[in-house]
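Here is a walk through some side-chain contacts and secondary structure in a protein model. Have the viewer open as you read.

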Amino acid sequence: MKTSSKHLSYGTLILISIIVILQVSVGFSGILLLPLSRFVYYGLTIGSEIPILVQMAVLSAAFLFISGLLKFSLPGLRLHLIQPADGSGIIYLAAQALGSLKSSTKTKSVLSQVPEKKPETEQGILMIASGSIMFANKAFFKMTGYQPLDIFGKDFASLLRPDSILNYTMLSRIPAEQIKHSQGIGIIAKNNKNIIAYSGASVGNEFNPDGINIFYVKLEETSGKVESSIESLFFDSIDNEENMHWIWDEKGIIYLNNSCRNNLPFSLGLILSKPGLMMKSVIKKDRDAIRLALKEYSVSGKFNRDICCQRENGELVYFRVSINARHENENSVLRNHAIAWDITEEKRSLLVAESAALEAEKANNHKTAFLANMSHEIRSPLNGIIGFSELLADKNLTEDERKRYLHIIQNNGNALISLLSGLIDISKLESGQLEITNRKFTPAVLLEELKHQFGNISDGNNNDVNIVFANTSSFQDQQIESDQNRLRQILVNLITNAIKFTSKGRIEIGADFSGKEMLFWVKDSGIGIPYENQQTIFERFRQVETPYSKPLLGFGLGLAISKALVELLGGHLWVESIPDLGSLFIFTIKTNIVSNTMETNQFKVANSSYPYDFKEHTILIAEDIDFSFLYIEAVLRRTGVKILWAQNGKEAIEHVKTNHDIALVLMDMHMPVMNGYEAAGIISSLKPGLPIIAQTAFVLPEDVKKCYSAGCTGYLSKPIRKEHLLNTLSEYFDKMEHPQEAIPLYRVNIG
């Protein structure tokens with residue numbers, strides 16, 4: 001029959017009954033509680049596999065055997081279990097304690113100060129191991145009012161009166177022959193009685209704080225007036241302080257107050273025998289520094305230091321520690337008194353403040369570097385634009401030179417726009433106002449456009465770089481829904497970045513579908529990125545420089561913007577790189593795959609040789625700067641559209657009033673006499689259905705909202721790109737031919 005929980009409960013009940021009977025018979029309480037707990041534990045863990053009758057027999061026999069040893073211990077037997085060679089065996093000590101109480105005439109007790117005759121009041125017994133209470137007899141519980149669970153396993157010092165802790169710590173320093181004359185130790189009783197404990201050490205009466213010791217306890221009457229020494233008043237005053245106090249001399253620890261004992265994971269008895277345990281609470285990296293500071297204290301007599309400690313649960317706490325040396329009197333031994341107060345909250349606040357200050361300083365350094373570079377980065381393209389524009393005025397230039405200068409001017413203009421656009425995008429990202437506009441487009445067409453844009457980089461320092469676009473035949477006609485302009489911006493940033501750091505070799509750009517996501521990559525054979533910098537490159541105003549890299553252009557915003565845009569498109573951007581071998585930037589975006597064929601005005605083919613035919617429409621261009629008007633007029637010349645020009649807001653209003661053929665207005669928002677905001681408001685009230693497209697160099701979100709609030713139905717940012725202008729007008733004119741569809745609000749990519 002195996003043990004069930006029911007049978008085990010019956011068995012435990014029987015065992016406890018046996019213990020109670022044995023305790024009554026020997027008149028001793030507590031000594032069997034520890035073995036009881038062990039046997040019950042093993043009974044619960046392994047007893048389920050043992051038949052209950054066998055289990056009961058084995059455990060009962062074990063208890064009977066132990067109780068017999070306790071009651072009938074024979075000193076003549078030299079068994080270590082009963083009486084070890086050093087006279088400190090737990091069973092031997094318990095037997096001796098019991099024997100001293102049961103016998104008053106046969107043998108002399110080993111307990112010091114035991115009366116020659118049996119006392120009128122039964123004496124209490126305490127057994128202490130390494131400073132912790134192991135057991136007590138029932139006389140102790142009756143005398144003090146405690147229950148077993150109140151004291152078993154507790155630090156003995158927690159029961160001592162503050163002024164008695166010093167007597168307890170000094171016991172180990174008293175010669176064996178003087179222990180019987182040592183001062184009693186006051187115990188805090190639950191019933192407030194005056195309880196005194198006396199050392200009853202083992203053979204030789206030697207007290208060992210790290211060993212097993214017996215104390216016997218008496219109830220003593222006190223006179224009406226109790227004299228308190230200055231020292232006892234001192235210990236009473238600091239024992240319950242929140243700050244930690246501890247005192248030591250050249251021989252070791254003398255005193256620890258209640259707060260100090262509670263903060264240390266060791267009993268007082270263990271610390272007395274091994275003072276070095278106190279250093280265990282200090283975090284490892286600071287221990288050598290603390291030891292060195294203590295050596296300096298022994299010479300200078302000064303110690304003020306903040307110390308970081310670690311609790312058992314791993315929590316870090318901070319204490320400010322001050323140590324002073326003092327003598328009780330002229331002839332007394334030097335004592336060191338340490339005081340520690342908790343500064344954890346103060347330290348944490350300081351660490352947070354320091355961390356914030358470091359981050360602020362770090363950010364300030366980045367922005368300072370950004371501002372320092374801004375002048376150079378803006379002036380460099382301006383220098384190219386202005387300088388080569390002046391050279392174009394030379395009539396002796398050859399056609400090839402003229403084309404080359406124009407190409408340089410165009411590249412520098414694009415570089416300047418890219419820098420300014422990066423700053424604007426960062427501003428939008430920080431304010432949370434950057435919007436994503438999802439539209440249908442064909443990724444293969446976008447990659448083809450980028451191929452034409454970056455296919456020829458033979459000029460400059462990239463003679464040995466070959467840019468390759470992966471085959472897109474697997475998704476040649478596939479359409480998706482996403483923000484084409486933002487996707488283009490991400491790819492341009494990554495490709496430009498690859499070109500910047502690749503002086504020779506190969507740059508590969510590719511894309512493919514991965515489930516419901518689309519995957520893009522840009523791989524180069526450039527200088528690579530060290531592992532420790534592979535995350536910092538995505539921070540704003542950060543660039544990774546190496547001794548072998550060429551001087552860097554830009555503000556360090558491209559990758560930061562790209563990462564933010566990828567996340568807005570529902571994807572992730574990461575890098576894999578090996579220094580000197582190259583880098584691979586990969587990102588994904590979420591897509592809505594469209595199955596129908598592409599329909600877009602951007603690539604429609606008209607009957608004429610030019611894809612844009614606006615000859616049946618008339619537009620009004622309100623623009624006060626002549627070369628801006630001339631640029632728009634030149635872009636639209638081949639479309640056949642009829643153009644009217646107004647150089648301020650008032651002229652624009654007059655044109656609208658007098659010419660009913662005007663189908664669309666391109667409105668500059670900043671003009672003399674009357675600005676575009678006011679003119680747009682008046683025109684929209686005169687002809688509510690007339691489309692007004694704002695054109696302005698102010699591109700912040702507040703400026704865009706202001707344009708729409710004034711009555712504009714569309715928006716173009718300066719500088720106006722040729723394709724953007726043509727596509728915008730094409731969409732509006734197509735919608736005019738199909739009035740059942742609402743005219744869209746067209747917003748182009750800024751930059």
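A quick definition before we start: a residue is called buried under 20% relative accessible area, exposed over 50%, and partly exposed in between. Keep in mind that this is a predicted model.

**Salt bridges**

Let's begin with charged side chains. Searching the whole structure turns up 16 salt bridges. Here are three of them, with the distance between nitrogen and oxygen.

| Pair | N to O distance |
|---|---|
| Asp288 and Arg291 | 3.2 Å |
| Lys347 and Asp306 | 3.6 Å |
| Lys615 and Asp613 | 2.5 Å |

Lys615 has a relative accessibility of 49%, so it falls in the partly exposed class.

Asp306 is partly exposed, at 29% relative accessibility.

Why can Asp288 and Arg291 reach each other? Both sit in helix α11 (residues 284-300), 3 residues apart, which puts about one helical turn between them. In general, an α-helix has 3.6 residues a turn, so residues three or four places apart point the same way. Asp288 is exposed, with 59% relative accessible area, while Arg291 is partly exposed at 40%.

**Aromatic pairs**

Now for the rings. The whole structure holds 14 aromatic pairs. In one of them, the ring centres of Phe388 and Tyr405 are 5.1 Å apart and the planes meet at 55°, so this pair counts as tilted. Phe388 is in helix α12 and Tyr405 in helix α13 (residues 399-431), so the contact ties together parts that are 17 residues apart in sequence. Phe388 is partly exposed, at 23% relative accessibility, whereas Tyr405 is buried at 15%.

Tyr612 and Phe614 make another tilted pair, with 6.1 Å from centre to centre and 55° between the planes. Both partners are buried: Tyr612 has a relative accessibility of 4% and Phe614 has 3%. Elsewhere, Phe140, Phe141, Tyr146 and Phe152 make up one aromatic cluster.

**An open sheet**

On to the strands. Five of them build an open, antiparallel sheet in the order β2-β1-β5-β4-β3. At the edges are β2 (132-136) and β3 (185-188), each of which pairs on one side only. On average, and with direction ignored, neighbouring strands in this sheet are turned by 35° against each other. Inside the sheet, strand β4 (residues 194-199) and strand β5 (residues 212-219) run antiparallel and are joined by 5 bridges. To find this pairing in the viewer, look for Ala197, whose bridge partner in β5 is Val217.

**Helix α21**

Last comes helix α21 (residues 722-737), which has 16 residues. From first to last C-alpha it reaches 23 Å, close to the 22 Å expected at 1.5 Å a residue. Which elements do the buried residues of α21 pack against? They are β11 (439-441), β19 (618-622), α17 (626-636), β21 (662-668), β22 (692-696) and β23 (714-717). The buried residues of α21 include Leu725, Leu726, Leu729, Tyr732 and Phe733, and also Asn727, Glu731 and Asp734.

Key. Residues are numbered from 1 along each chain as its sequence is written. This is a predicted model: local features need pLDDT of at least 70, side-chain atom pairs count only at pLDDT 80 or more; totals for chains, interfaces and linings use all residues. Side-chain values use heavy atoms; hydrogens and water are left out. A salt bridge is a side-chain nitrogen of Lys or Arg within 4 Å of a carboxyl oxygen of Asp or Glu. Helices (H or I, at least four residues) and strands (E, at least two) are DSSP runs, numbered from the N terminus. Buried means under 20% relative accessible area, exposed over 50%, partly exposed in between (1.4 Å probe, protein chains only). Two strands pair if DSSP finds at least two bridges between them. Axes are lines fitted to C-alpha atoms, for helices over the stretch in contact, and angles run from 0 to 180 degrees between N-to-C directions. The expected span of a helix is 1.5 Å times one less than its number of residues. Contact means heavy atoms within 4.5 Å. Rings of Phe, Tyr and Trp (its six-membered ring) pair if their centres lie within 6.5 Å; planes under 30 degrees apart count as stacked, over 60 as edge-to-face and the rest as tilted.
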